[in-house]
Amino acid sequence: MITCPICDSQKEKINIIQETKHWVLREAPSDKSLSGYLYLESKRHVESWASLTKEECSDYGQILFSALESSSALEVKPEKIYFAAIAEKVPHLHVHLVPRYEGQEKGISHLEKALGPGFSKPL
């Protein structure tokens, strides 16, 4: 049996902000050092968007709305929220919601810093 860190963290209910039937909205660990950094994770262990059911896709819209509400409730509002869904290093469908605040670098370089080592440079 393959061990999945996302499945394990969902069992332990770590940093969960909200849950729906099919998704978990989670605050990123403090080592990310970026206020408002969130994860959206599929509750079911799937590795690609194409594996989602119609109901899971519909439910994604609801929890995404909640994630955006959480970001707008922060004391300091982000100028942008970047979305990154790679699911290669951890093959469980999840989305990084990475806020960018005034004065921070824009674009891929901001994502590289936020996502940490292993995020490859664009071609």
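**Close-up views of a predicted model**

**View 1. Strand β3 pairs with β2.** Strand β2 (residues 23–27) and β3 run antiparallel and are joined by 5 bridges. Strands are DSSP runs of E with at least two residues, and helices are runs of H or I with at least four; both are numbered from the N terminus. Two strands pair if DSSP finds at least two bridges between them. Trp23 has Ser42 as its bridge partner in β3. Val24 has Glu41 as its bridge partner in β3.

This is a predicted model, where local features need pLDDT of at least 70, side-chain atom pairs count only at pLDDT 80 or more, and totals for chains, interfaces and linings use all residues. Residues are numbered from 1 along each chain as its sequence is written, and side-chain values use heavy atoms, with hydrogens and water left out.

**View 2. The open sheet.** β3 also pairs with strand β5 (residues 94–100), antiparallel, over 4 bridges. Here Glu41 has His94 as its bridge partner in β5. The sheet is open and has 5 strands, in the order β1-β2-β3-β5-β4, with antiparallel pairing. β1 (16–19) and β4 (80–84) stand at the edges with a single partner strand each, so one side of each has no neighbour in the sheet.

**View 3. Strand β3 is enclosed.** How many residues of β3 are buried? The count is 5 of the 5, so β3 is largely enclosed by the rest of the structure. Buried means under 20% relative accessible area, exposed over 50%, and partly exposed in between (1.4 Å probe, protein chains only). In a regular strand, side chains alternate between the two faces of the sheet. Leu38, Leu40 and Ser42 lie on one side of β3, Tyr39 and Glu41 on the other, and all are buried.

**View 4. An aromatic cluster.** Trp23, Trp49 and Tyr60 form one aromatic cluster. Rings of Phe, Tyr and Trp (its six-membered ring) pair if their centres lie within 6.5 Å; planes under 30 degrees apart count as stacked, over 60 as edge-to-face and the rest as tilted. The count by this rule is 4 aromatic pairs. The ring centres of Trp49 and Tyr60 are 5.4 Å apart and the planes stand at 80 degrees, so this pair is edge-to-face. The pair links distant parts of the chain, 11 residues apart: Trp49 sits in the loop between β3 (38–42) and α2 (54–72), and Tyr60 in helix α2. Trp49 is partly exposed, with a relative accessible area of 38%. Tyr60 is buried, at 15%.
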